[in-house]
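Trainee: I am new to this one. Could you show me the structure and talk me through its rings?

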Amino acid sequence: MSLVSVATLREYLPEIGSSTAADTELTALILRVETFIARWLGYPPPSSSSDTPTLNSSTYVLYLDGPLKDDRLVLQLPVKPISALNSIHSDTERRYESSSLLTLSNIDIDAVNGRLIIKPWTSTAFDSGYRSLKVNVTAGYDGTPPTDLVHAICVWCSQLHRQKQNQGKEQISQQGSSVRLSMKSMPSEVKEILYKFRVPLLVL
């Protein structure tokens, strides 16, 4: 299920008005755009999918190499926001047995930034090593997503919908003149909005 409803997208397409004739097409477009954005933000596929990232709240099983190098109490996850930390193993041998489970009450959650932070007065520690950490977490957007994220999705969807008749064309002839078409890649306006939603580990 998409974060943005077709009714919301129609507000960005006044030429459609209240007509529902294109609803099926718009629903598919929204899902594709949300997947593109999730991939651009650096979100991995959730446990329920092998290759399709999503913005929706989902359960992830993440295998990470260790905490931040400059602060070993902080583990940055490749997805946000975090709604629940279900379990975390710390095991350099990658057995992930019950004896390697960390005590969740010793870990604070920075939900917005997608970080797990060990309380400094505890004995809990994050190991470092290839896939030494196995994190089961629920993350993503649910309920009411941020309005600026909704706006970014709708802006790109409306652009793609209007340009569908000119896919693959760089220019068209109009009234005896050649008109160069705008690029069909992610609009700069959308990128500017999405920057704050990027995963900090991702370098663009």
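Predicted model: local features only at pLDDT ≥ 70, side-chain atom pairs only at ≥ 80, totals over all residues.

Trainee: How many aromatic pairs does the structure hold?

Mentor: Residues are numbered from 1 along each chain as its sequence is written, and side-chain values use heavy atoms, with hydrogens and water left out. Rings of Phe, Tyr and Trp (its six-membered ring) pair if their centres lie within 6.5 Å; planes under 30 degrees apart count as stacked, over 60 as edge-to-face and the rest as tilted. Aromatic pairs here: four.

Trainee: Are the rings of phenylalanine 36 and tryptophan 156 stacked, tilted or edge-to-face?

Mentor: Their centres are 6.0 Å apart. Their planes stand at 50 degrees, so the pair is tilted.

Trainee: Is tryptophan 156 buried or exposed?

Mentor: Buried means under 20% relative accessible area, exposed over 50%, partly exposed in between (1.4 Å probe, protein chains only). Phenylalanine 36, at 38%, counts as partly exposed. Tryptophan 156 has 8% relative accessibility, so this residue counts as buried.

Trainee: What is the angle between the ring planes of tyrosine 141 and phenylalanine 197?

Mentor: Both residues are buried, tyrosine 141 at 10% and phenylalanine 197 at 6%. Their rings form an edge-to-face pair, 6.1 Å centre to centre, and the angle between the planes is 80 degrees.

Trainee: Which ring does the charged end of arginine 131 sit over?

Mentor: A charge sits over a ring if NZ of Lys or CZ of Arg is within 6 Å of the ring centre and within 35 degrees of the ring normal. For arginine 131 the distance to the centre is 4.1 Å, and the ring belongs to tyrosine 63.
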